[in-house]
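Biologist: I have the sequence and the picture open, and I'd like to go through them with you. Please start with how the elements are named.

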Amino acid sequence: EVLRDAYNEAGDPSGLPYEIFSDRYDLKLNWAPTQSLSFQAKYHIDNWPWEFSEAFRTNSATGGEGDENPAWGARFDKVVSSNTFFEFAYSGYDGIDIHESRTGSTEDGFIDYSPPGGGPERYSGGLYYPWAWDTSQDAVDATVSTYADDFLGGDHEFKFGVTYATGTAKSTISGGVNGRYFYRYVYTYNY
């Protein structure tokens, strides 16, 4: 799955288009060497750098976001007997979302909430609120299912299993590239 889109907002003098870019790829493999044994493997990757552009931001104050987000999994199924079934599955993913200046600016950000002559706020200098969110997870599931016919007056399924999952989440956020930004706000009292 491939997506390409780009446009400029009315009045945007930057020359940098607002670009949405996404490539998604999936791979799935199945193998059944016998009637009672099967394997499955899956892999997915999502590459999505987005480049923002706005009419009232300088190029250095304009950001981009995105990265690659791979995910994977594997499954093993075994028919042990006519009444017993074993399943084992593993899955994981690693995702990162980075918001940084399109030009690599390390200037302090400046927001003019009261531009001369009025109008909407204007952003210049470096990026206001850059961030990085990094997450990952790995999980394992193992289960055994057995079917009991005519047990205690009925047919029953018994399932025993264990699940283990572990993950991380790291977030970094800042008021600006250097940990700060500046702004101007003018308010006039009229009595």
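Modeller: Strands here are DSSP runs of E with at least two residues, and they are numbered from the N terminus. With that naming, Tyr191 sits in the segment after strand S12, which covers 181–184. Please keep in mind that this is a predicted model.

Biologist: Is Tyr191 buried or exposed?

Modeller: Tyr191 counts as exposed because its relative accessibility is 87%, and the cut-off for exposed is over 50%. Tyr191 also belongs to a nonpolar surface patch of about 890 Å², which is made together with Tyr113, Tyr183, Tyr185, Tyr187 and Tyr189.

Biologist: What does Asp138 touch?

Modeller: Asp138, which lies in strand S10, touches Trp72, Tyr90, Ser91, Gly92, Tyr164, Ala165 and Thr166, if residues up to four places away in sequence are not counted. Its side chain makes a polar contact of 2.5 Å with the side chain of Tyr90. Asp138 counts as partly exposed because its relative accessibility is 30%.

Biologist: Then to the charged side chains: how many salt bridges does the structure hold?

Modeller: It holds 11 salt bridges. In one of them, Arg102 pairs with Glu19, with the closest N and O atoms 3.4 Å apart. That pair links distant parts of the chain, 83 residues apart, with Arg102 in the loop between S7 and strand S8 (109–112) and Glu19 in strand S2, residues 18–34. Another salt bridge joins the side chains of Asp46 and Arg24 at 3.3 Å, N to O. Here the link is between Asp46 in strand S3, residues 37–47, and Arg24 in strand S2, 22 residues apart.

Biologist: Why does Asp46 count as buried?

Modeller: Asp46 counts as buried because its relative accessibility is 12%, and the cut-off for buried is under 20%.

Biologist: What about Glu54, which residue does it pair with?

Modeller: Glu54 forms a salt bridge with Arg57, the closest N and O atoms being 3.3 Å apart. There is also a network in which salt bridges with shared partners join Arg75, Asp77, Glu87 and Lys159.

Biologist: Where does Glu87 lie, and what is it in contact with?

Modeller: Glu87 lies in strand S7 and is buried, with a relative accessible area of 15%. Its side chain is joined to that of Arg75 by a polar contact of 2.4 Å. Leaving aside neighbours within four places in sequence, its contacts include Arg75, Phe76, Asp77, Asp141 and Lys159.

Notes. Residues are numbered from 1 along each chain as its sequence is written. This is a predicted model: local features need pLDDT of at least 70, side-chain atom pairs count only at pLDDT 80 or more; totals for chains, interfaces and linings use all residues. Side-chain values use heavy atoms; hydrogens and water are left out. Patches are made of residues with over 30% relative accessible area and no salt bridge: like charges are joined within 9 Å, nonpolar side chains (Val, Leu, Ile, Met, Phe, Trp, Tyr) within 5 Å. Accessible areas come from the Shrake-Rupley method with a 1.4 Å probe; for residues, only the protein chains shown count as cover. A salt bridge is a side-chain nitrogen of Lys or Arg within 4 Å of a carboxyl oxygen of Asp or Glu. Helices (H or I, at least four residues) and strands (E, at least two) are DSSP runs, numbered from the N terminus. Buried means under 20% relative accessible area, exposed over 50%, partly exposed in between (1.4 Å probe, protein chains only). Contact means heavy atoms within 4.5 Å. A polar contact is a pair of N or O atoms within 3.5 Å; within protein, one must be able to donate a hydrogen and the other to accept it, and residues adjacent in sequence count only if both atoms are side-chain atoms.
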